[in-house]
Structure formats: structure tokens, C-alpha cells
Amino acid sequence: MKDLITFNKPFVTSLDEDFFNKLNRGLTSLSGDGFYTKKINKWLENYTKSNKALLTHSCTAALEMSAILMNINAGDEVIMPSYTFVSTANAIVLRGGIPRFVDIREDTLNIDENYIENAINKKTKAIIPVHYAGVSAEMDTIINIAKEYRLFVAEDAAQGLMGSYKGKPLGAIGDLGSFSFHETKNIISGEGGALIVNNEEFIERSEIIREKGTNRSIYIKGEIDKYTWCDIGSSYLPAEIVSAFLLNQLNLSKRITKERLSIWNNYHSMLLSLEKKGLIKRPKIPNECKHNGHIYFILVEKNKRDKIIQKLFENNIQVTSHYEPLHSSKAGIKYCQISGSMNKTNYCANSIIRLPMWIGLTIEKQIYIVDMLEKTLKNL
Ligand SMILES: Cc1ncc(COP(=O)(O)O)c(C=O)c1O
């Protein structure tokens, strides 16, 4: 292959064709919460069957809203994996809370539910499971533990839209769920996110926190004649133009997921023989989970990983590692705690390779990627 096969290529669609017409006729706004945002909130509420869905400008924003809603205060602890994006932990640290990291499972790279109970103490207030690669964490176990110890569950479903656990959409299982529409995700709007509010207790406050701590949303509904400052909050709304882009993507979400799953399945069957030869490990999808084809990863010998990435790049294939574990990062050491060993987290972080995954990646390119991977593995 002559041209570089990039790791990601955003699936670019267009703005809703009626956006400027609607704008000129005063039927939507340029700022947030106009026609398109409301339509998407309804779309997400129907999809998740949740009490409330609120579009935000990022998943990071939705996670920060979750931390405020769960009343995370100084010294409160929140259990989560170390193998995640910084935003999962940052949301807690920004409130003065302490993320307590638990090791992950090697098959899904999700938090190991068997170690959660050991991490609970008097200060524990919540659990944030991350659905890595759009594959659910073991949610029945997590919800049962949370019920027993009266903890909140806020799902980090940044990668999880269109994935499900025992038939329930990811993001709709815990008290709260956060989605990302960042350009690296399956359904995109450049930057973007959403908060799904499943616990009724949080509905009223979620709208206030999202509107800079004011009751502006009920003012817009005409229920009061002035809006005022009622609580802490920030500006978490996306601009309407972002929503006008996202609506088209959401309307294509079934097609996008189907195409990604087909690419994922191609890799999975083509890589079986390399797994049988003991050269790689493939991801495992638990029976309870339907995933969305967000990431195809393999695990290789950790001291060979960087060489493999380099060799494939020399052959015009861009593959990448993923998260640097948070527990050993500069901020992680300063602000967070660990519970038990981080062996699997360290092993997976050092062994993972993510393969190119985007709509339009042809079977010829996939065959080339797998061939080059096999040649590289055999020659190392
Ligand atoms: C697990 C996880 N959580 C949160 C985020 C943050 O999402 P956003 O970029 O929409 O703020 C990401 C982004 O990659 C993520 O992978």
C-alpha cells in the first residue's frame, strides 16, 4: 500500500440542511438549547429510556456534572479503573474528591468487578465503570455492590453509544451516564457529549448545573419571569451548530454501528490463527454484551509492542497504543489512590495495539494490515 492507512478517519457527514433556514426564520438559535439540541435530547431519552438526557459540549463536561450531582466533596472517594482517559478522574479531583483505582480485566480491559468491594471504605461515595471499546463492564455485579453499600454509579460511556448490557443501552444502567461525540468516537460532532440522568433525584439539579447554576431552563419553558443563580454550575451546553451536525450522525447511528461491526468481525476472524499460534491475544466479548465496534485491539508481548508499531508504520500502517495508566501519571500520584495491585492495568497498557478502524476501511486494506502484522510478529 502506497498511502498511509491512518488509525482513525472521522466519518464526516453534513449539517442538517435546514439549519440556516431555521436560523434565519428564528426557529432555532445559534447558542445552545435550540431546536436541534432539544430534538437530540429527546432522541437520547427515547434511545436510553431515561428520565432526562442533556447534550453537553463534551463527555468531560458530562462527567464533571456527574461529580457535582453526586455531591463529591473534599476527601470523598470514587472507585474507577486507572486504565481510562484523564477526564474520568479529573471530574472527581476538581471537586476535591479522590479517585481510588481498581485493576482491570485482561479480556475486556474494564474494571475488574471482583476487586471493587475491597476498595470500599467509609469515604467511598460512587463507582465509575468505564465501558472500554464500547463493551460493557460487569454491570449487574457493580449495581449490586453499589446497592449494598449505598453508592452512586456514574457510567463513563464515552465510547459506549449503541452498545448494551443484557439488552440495556450503556449509559442507561447507572444513576448517571456520560457519552462522548468527540471526533475519535463512532458518532461524532467534533467535540460533544451528553449526560443521561437515570436517577430521578438528579433531574432538576442537572438542568441548573448545566446552565451556569441558574434556573434558566424553567424560565425558557415560561414557568418563571426571571432566572437567577441557584446553585454551583458552569456552561456545559453545546452551540446549536454542533447539534445540527450531530443530529444527522445520530440518524445514521444504526448504519455506522453495522459497518464498524463488520470491520471488527473481519479483524476478529482473520486474527484467530495468530492467537492460536500464541502470537497475540484478541479481545473477548462477554455473552451479556453487545458492543459497537468502537476499537479493535490486540495484546502482544510488551517488550515487542513498540517495535511492532514502528515496523507497521514503516509499512504505511498507523496503529497505536492507548491510555497511559493514571495511577502512575504525575497527577495520578498526587491526587489519587490505588486499591490492590495494578498488574493487569500495567500489563495491558504496555501490550495493547489498536488497529485502524473507520468507515471506509476496505477488506483489502484489512487483509494487508493483518498480513503485515503476521510478518512483523514472525520476524521479531
Ligand atoms: C473513557 C473516556 N472518558 C471520557 C472521555 C472524554 O471525552 P470528551 O473528549 O468528549 O470530553 C474519553 C475520550 O476519549 C474517554 O475515552
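Why does K378 count as exposed? K378 has 10 C-beta neighbours inside 10 Å, and therefore counts as exposed; the label applies at 12 or fewer other C-beta atoms within 10 Å, while 20 or more make a residue buried and anything in between is partly exposed, with C-beta atoms placed from the backbone.

## Before you start

This is a predicted model, in which local features need pLDDT of at least 70, side-chain atom pairs count only at pLDDT 80 or more, and totals for chains, interfaces and linings use all residues. Residues are numbered from 1 along each chain as its sequence is written.

Back to K378 for a moment: you will find it in helix α14, residues 363-379. Helices (H or I, at least four residues) and strands (E, at least two) are DSSP runs numbered from the N terminus. K378 lies 362 residues from D16 in sequence, and their C-alpha atoms are 49 Å apart in space.

## Two domains

The chain is assigned domain 1 (19-251) and domain 2 (253-379), with bounds that come from an automatic or database domain assignment. Their C-alpha centres lie 26 Å apart. Where they meet, 37 residues of domain 1 are in contact with 34 residues of domain 2, contact being C-beta atoms, placed from the backbone, within 7 Å.

On the side of domain 1 that touches domain 2, α4, β3 (98-102), β6 (164-165) and α8 (240-251) each supply at least two residues. The largest share, 5 residues, comes from β3. By class, this side has 20 nonpolar, 11 polar and 6 charged residues. Here Ala, Val, Leu, Ile, Met, Phe, Trp, Tyr, Cys and Pro count as nonpolar, Asp, Glu, Lys and Arg as charged, and the others, Gly among them, as polar.

## The sheet

Follow the strands and you can trace an open sheet of 8 strands with mixed pairing, in the order β1-β9-β8-β5-β4-β2-β3-β12; two strands pair if DSSP finds at least two bridges between them. β1 (52-56) and β12 (337-338) stand at the edges with a single partner strand each, so one side of each has no neighbour in the sheet. Strand β2 (residues 77-81) runs parallel to β3 over 5 bridges, and V78 stands opposite P99 in β3.

Strand β9 (residues 193-197) is largely enclosed by the rest of the structure, because 5 of its 5 residues are buried. G193, L195 and V197 cover one side, with A194 and I196 on the other. β9 pairs with β1 in the antiparallel sense over 5 bridges, and 5 bridges also join it, again antiparallel, to β8 (residues 176-180). G193 in β9 stands opposite T56 and is also the bridge partner of S180.

## The nonpolar core

The largest nonpolar core holds 107 residues, of which A126, I127 and A194 touch the most other members. Such a core is a set of buried Ala, Val, Leu, Ile, Met, Phe, Trp, Tyr and Cys residues joined through C-beta atoms within 7 Å.

Leaving aside residues up to four places away in sequence, A126 touches M70, V78, L151, F152, V153 and A154.

## Around the ligand

Which residues come nearest to the ligand? Of the 14 around it, they are S58, C59, T60, A158 and S180; a residue is near if its C-beta atom, placed from the backbone, lies within 6 Å. α3 (59-69) and α4 (86-93) are the elements that give two or more residues to this shell. The shell divides into 4 nonpolar, 9 polar and 1 charged residue.

Notes. Contact = placed C-beta atoms within 7 Å.
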